[in-house]
Amino acid sequence: MSISESYPPAFRRVISDGDPLATVEEVEPVLVQDEDIQIPVIDLERLDKEILREACKEWGIFRLVNHGVPFALTSRLQEISGLLLSLPYETKRELFAAVKSPLSYFWGTPALNPSGDALKRGSQASNVHMLEGFNVPLSKLPTFISCDDDHNPKLESFRVLIEEYGRHITRIAVSLFENIAQTLNLELSGNRRSEYLSESTGLIRVYRYPGSSDKAAGEALGMEVHTDSSVISILKEDETGGLEIMKGEEWFCVKPVANTLIVNLGDMMQAISDDEYKSVTHRVKKKNRETERHSVCYFVFPKRDCVIKSSNYKPFTYSEFEAQVQADVQSLGTKIGLPRFSPNSSFFN
């Protein structure tokens, strides 16, 4: 089987023909620095709260070392994920439709609904984003019931690995949030911590970005400019690279470093901090078009009925925020995010 058979048909057309209709949405022209930027480094074993505060305030992103996730686990997870994603496209669709589980397969867009299905984007959006992956809501993994299938052993191995990885990464997210809250003097008494950061909302998405030697196709290989809706996102990427962040009005490349994690703050953390900390704007643009990029990202959110209060936004629950993001993606083709909830914004309604 050729590798192209593992890609959705729309990807194959882009890769073989350089279909210009499938390129990602153009962004405003800003200077892209060729050199890799050195983002702050946080040592989880010897956490310095002043360095953490500065990283959250000035960057909204940092590299985490001594995080305690076994290298053997992340390597094996990458291997099994790669094997599943390399299955023929039709096989992947059938496999994930057949198993009675909350796991889902998506392609062509990073915008998913709470069930893990791709959102239909508005007419202003680009047609296809050259990425595919699996959506895994961690709290629902215990309900996983597989069926007898030739590929079932790979899927079962994936479930076991992702569940173990999820335990490690959830531990890290809780520890980081509690320390970040201390730098903000945020009151976390009672159930407030679990309301702001609810472990039950944690989900993992495993991504694959195809490779192509075609220049036109190469323009489509990536993820559009965005901020995450999460409280915290934690990324484990391979050595291919491609993550870029905006600082000021310039784009900078973030170089992958083995056995480290990338942590970025999301919109909910920005709102919880009353805009003292930032939700970093980022994208993925592969420099090496011919090489596939694989990554695993964990996202965690507030409880759906948790009311976020801030002097810069009208009060809202996370479920209201999520619904508004989905409505904007479906009608406008893109996420508006926090500006929708600013009383001084033209988006306010």
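N66 is partly exposed, with a relative accessible area of 35%. On this scale, buried means under 20% relative accessible area, exposed means over 50%, and partly exposed lies in between (1.4 Å probe, protein chains only). The model is predicted: local features need pLDDT of at least 70, side-chain atom pairs count only at pLDDT 80 or more, and totals for chains, interfaces and linings use all residues. Residues are numbered from 1 along each chain as its sequence is written, and side-chain values use heavy atoms, with hydrogens and water left out.

**Two asparagines in loops**

N66 sits in the loop between strand 3 (61–65) and helix 3 (71–85). Helices (H or I, at least four residues) and strands (E, at least two) are DSSP runs, numbered from the N terminus. N66 is not a glycine, yet its phi is positive, about 50°. N185 also has a positive phi, near 55°, and is a residue other than glycine. Its loop runs between helix 5 (152–183) and helix 6 (192–196). N185 is exposed, with a relative accessible area of 72%.

Eight strands form an open sheet in the order 2-3-11-8-13-6-5-4, with mixed pairing. Two strands pair if DSSP finds at least two bridges between them. Strand 2 (41–43) and strand 4 (104–107) stand at the edges; each has a single partner strand, so one side of each is left without a neighbour in the sheet. On average, neighbouring strands of this sheet are turned by 25° against each other, direction ignored.

Strand 2 pairs with strand 3 in the parallel sense, over three bridges. D43 has V65 of strand 3 as its bridge partner. Helix 2 (residues 49–58) packs on the sheet and touches strand 2, strand 3 and strand 11 (261–265). Its direction makes about 145° with that of strand 3. Axes are lines fitted to C-alpha atoms, for helices over the stretch in contact, and angles run from 0 to 180 degrees between N-to-C directions. Helix 3 lies across strand 5 (132–137), strand 6 (198–209), strand 8 (232–237) and strand 13 (293–301). It runs at about 120° to strand 5.

F62 lies in strand 3. It is buried, with a relative accessible area of 0%. Beyond its neighbours within four places in sequence, F62 is in contact (heavy atoms within 4.5 Å) with residues including I39, L52, L176 and V263. The C-alpha atoms of F62 and N264 are separated by 6.5 Å, though the two residues are 202 apart along the chain.

S310 lies in strand 14 (residues 307–310). S310 is buried too, with a relative accessible area of 15%. Its side chain makes a polar contact of 2.5 Å with the side chain of D274. A polar contact is a pair of N or O atoms within 3.5 Å; within protein, one must be able to donate a hydrogen and the other to accept it, and residues adjacent in sequence count only if both atoms are side-chain atoms. The side chain of S310 also reaches the backbone nitrogen of N312 at 3.1 Å.

**Charges over rings**

A charge sits over a ring if NZ of Lys or CZ of Arg is within 6 Å of the ring centre and within 35 degrees of the ring normal.

| Charged end | Ring | Distance to ring centre |
|---|---|---|
| R192 | Y196 | 4.2 Å |
| R283 | W251 | 4.0 Å |
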